[in-house]
Amino acid sequence: MTERAAIQSAEKRAPLERLKSDIWLSVLAVAAVAFSHVVTGLYDRQVWIGLGTVYVIVVLGYGLARYVPIKSLPDLFWISAVAMLATWPGVPGSSYVRGAIDGVSFLPTITPLMAFAALGLGSNEVEMFKRAGLSFVLISLLVFCGTFLGSALVAHLVLTFMQVY
């Protein structure tokens, strides 16, 4: 086999290998959600059906991301598109999908996911944060507080408006 043929063969296998690793990553994510349900005591048969449904949606989204010729869109777009289509009223089976996912609580997974995100910070990000200085920290805090207060104000106005009508 020539070097060029070997490269072409590897390029053809690359999306399949990436899909396999993405599927294993989604298995780990669903396992983390299941573990958080077991630890918090929020599990029954409905949770396992819902987690299986979420897993199928994620795998279908990954499959679309690998085989649709639009490469500029991220995997999350395709997973979200499959999830929206699967739960859209009027789509056959959407009421089953919505009912299955109703039993899944994603709230218990927030703490471990945030911990993993924090562990994902590398030394480059920490060094960049140190070099940015105190003004960066102050501006970041002001932006976060402004966003929070703005969101709270909008929510308060909408809830007040809904009570009036």
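User: Why is Phe77 called partly exposed?

Analyst: In this predicted model, Phe77 has a relative accessible area of 40%; buried means under 20% and exposed means over 50%, so a value of 40% falls in between and Phe77 is called partly exposed.

User: What makes Trp78 count as buried or exposed?

Analyst: The relative accessible area of Trp78 is 10%, and because the limit for buried is under 20%, Trp78 is counted as buried.

User: How do you know which kind of aromatic pair Phe77 and Trp78 form?

Analyst: The structure holds one aromatic pair, and in it the ring centres of Phe77 and Trp78 lie 5.1 Å apart, with the planes at 85 degrees. Rings pair if their centres lie within 6.5 Å, and planes over 60 degrees apart count as edge-to-face, so the rings of Phe77 and Trp78 are a pair, and that pair is edge-to-face.

User: What makes a group of residues here a nonpolar core, and which residues are in the largest one?

Analyst: The largest nonpolar core has six residues, namely Val30, Val33, Ala34, Val47, Leu51 and Val104. Helix H1 (3–40) and helix H2 (45–67) each supply at least two residues of this core, and the largest share, three residues, comes from H1. In soluble globular proteins, nonpolar side chains tend to be buried together.

User: Which residues is Leu51 in contact with, leaving aside its neighbours within four places in sequence?

Analyst: With those neighbours left aside, Leu51 is in contact with Val30, Val33, Ala34 and Val104.

User: What is known about the largest pocket, and which residues are closest to its centre?

Analyst: About 310 Å³ of space lies in the largest pocket. The pocket is lined by 14 residues, and those closest to its centre are Leu25, Ser26, Ala29, Val58 and Tyr62. H1, H2 and helix H3 (75–87) are the elements that give two or more residues to this lining, and H1 gives the most, with six residues.

User: How many residues of each class does the lining of the largest pocket have?

Analyst: By class, the lining has twelve nonpolar residues, one polar residue and one charged residue. Tyr62, one of the residues closest to the pocket centre, belongs with the nonpolar class because Tyr counts as nonpolar.

User: How many helices and strands does the protein have?

Analyst: The secondary structure comes to seven helices and zero strands, and of the 165 residues of the protein, 20% count as buried.

Technical notes. Residues are numbered from 1 along each chain as its sequence is written. This is a predicted model: local features need pLDDT of at least 70, side-chain atom pairs count only at pLDDT 80 or more; totals for chains, interfaces and linings use all residues. Side-chain values use heavy atoms; hydrogens and water are left out. A nonpolar core is a set of buried Ala, Val, Leu, Ile, Met, Phe, Trp, Tyr and Cys residues joined through side-chain atoms within 4.5 Å. Buried means under 20% relative accessible area, exposed over 50%, partly exposed in between (1.4 Å probe, protein chains only). Helices (H or I, at least four residues) and strands (E, at least two) are DSSP runs, numbered from the N terminus. Contact means heavy atoms within 4.5 Å. On a 1 Å grid over the protein atoms alone, a cavity is a set of points where a 1.4 Å probe fits but cannot get out, and a pocket is an open set with protein on both sides within 12 Å along at least five of seven lines; lining residues have an atom within 4 Å of a point. Grid points are joined across faces, edges and corners, and a volume is the space filled by probe spheres set on the points. Rings of Phe, Tyr and Trp (its six-membered ring) pair if their centres lie within 6.5 Å; planes under 30 degrees apart count as stacked, over 60 as edge-to-face and the rest as tilted.
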